[in-house]
Amino acid sequence: RGYDSGWTTNLPLADFLAEDALVAISHDGRPLDADHGGPARLIVPLLYAWKSAKWISAIEFLDRDRAGFWERNGYHMHGDPWKEERFGW
């Protein structure tokens, strides 16, 4: 969930826990500023950038997949660029 009203994104737990995925809260030892996604920013390099949410207010774990903002507006539920999973149709 993001600080923007009603904004969410979804991704599988395996992608969230990937070795190169991270939740950034600082850069060079200083808190991450708002221009760069602070207070917390999700970075998931193996998926399209819309999955790397900025301005995270909460992380919710669900027992089923639920479409986020971009997915409700036509983007793919997973978003793997190597499989060209950009659009949901």
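Me: If Lys and Arg count as positive and Asp and Glu as negative, with His and the chain ends not counted, how far apart are the mean positions of the positive and negative charges of the protein chain?

Reply: Each charge is placed at NZ of Lys, CZ of Arg, CG of Asp or CD of Glu. In the protein chain, the mean positions of the 10 positive and 14 negative charges are 5 Å apart. This is a predicted model, in which local features need pLDDT of at least 70 and side-chain atom pairs count only at pLDDT 80 or more, whereas totals for chains, interfaces and linings use all residues. Residues are numbered from 1 along each chain as its sequence is written, and side-chain values use heavy atoms, with hydrogens and water left out.

Me: Which pattern does the protein chain follow along the sequence?

Reply: Helices (H or I, at least four residues) and strands (E, at least two) are DSSP runs, numbered from the N terminus. The protein chain has two helices and four strands, and their order along the sequence is α-β-β-β-β-α.

Me: What does the radius of gyration of the protein chain show?

Reply: The radius is taken over C-alpha atoms, and the globule rule is 2.2 Å times the number of residues to the power 0.38. For 89 residues a compact globule would have a value near 12 Å, and the 13 Å of the protein chain agrees with that. The C-alpha trace spans about 40 × 30 × 25 Å along its principal axes.

Me: Is Lys-51 buried or exposed?

Reply: Lys-51 has a relative accessible area of 0%, and therefore counts as buried. Its place is in the loop between β4 (41–43) and α2 (69–72). A polar contact (N or O atoms within 3.5 Å; within protein, one able to donate a hydrogen and the other to accept it, with residues adjacent in sequence counted only if both atoms are side-chain atoms) links the side chain of Lys-51 to the side chain of Asn-10 at 2.7 Å. Contact means heavy atoms within 4.5 Å. Leaving aside neighbours within four places in sequence, the contacts of Lys-51 include Thr-9, Leu-42, Glu-71 and His-78. For the whole protein chain, 52% of contacts between residues at least 6 apart in sequence join residues at least 24 apart.

Me: Where is Phe-87 found?

Reply: Phe-87 is found in the segment after α2. Its relative accessibility is 37%, so Phe-87 counts as partly exposed. Beyond neighbours within four places in sequence, Phe-87 is in contact with Gly-74, Tyr-75 and His-76.

Me: Which backbone features deserve a check?

Reply: Most residues other than glycine have a negative phi, and most peptide bonds are trans. Here a cis peptide bond joins Gly-38 and Pro-39, with omega about 20 degrees, and Pro-39 lies in the loop between β3 (30–31) and β4. Asp-28 has a positive phi, near 55 degrees. Asp-28 sits in the loop between β2 (26–27) and β3 and is exposed, at 64% relative accessible area. Trp-55 has a positive phi of about 55 degrees. Trp-55 is in the loop between β4 and α2 and is partly exposed, at 29%.

Technical notes: Lys and Arg count as positive and Asp and Glu as negative; His and the chain ends are not counted. Buried means under 20% relative accessible area, exposed over 50%, partly exposed in between (1.4 Å probe, protein chains only).
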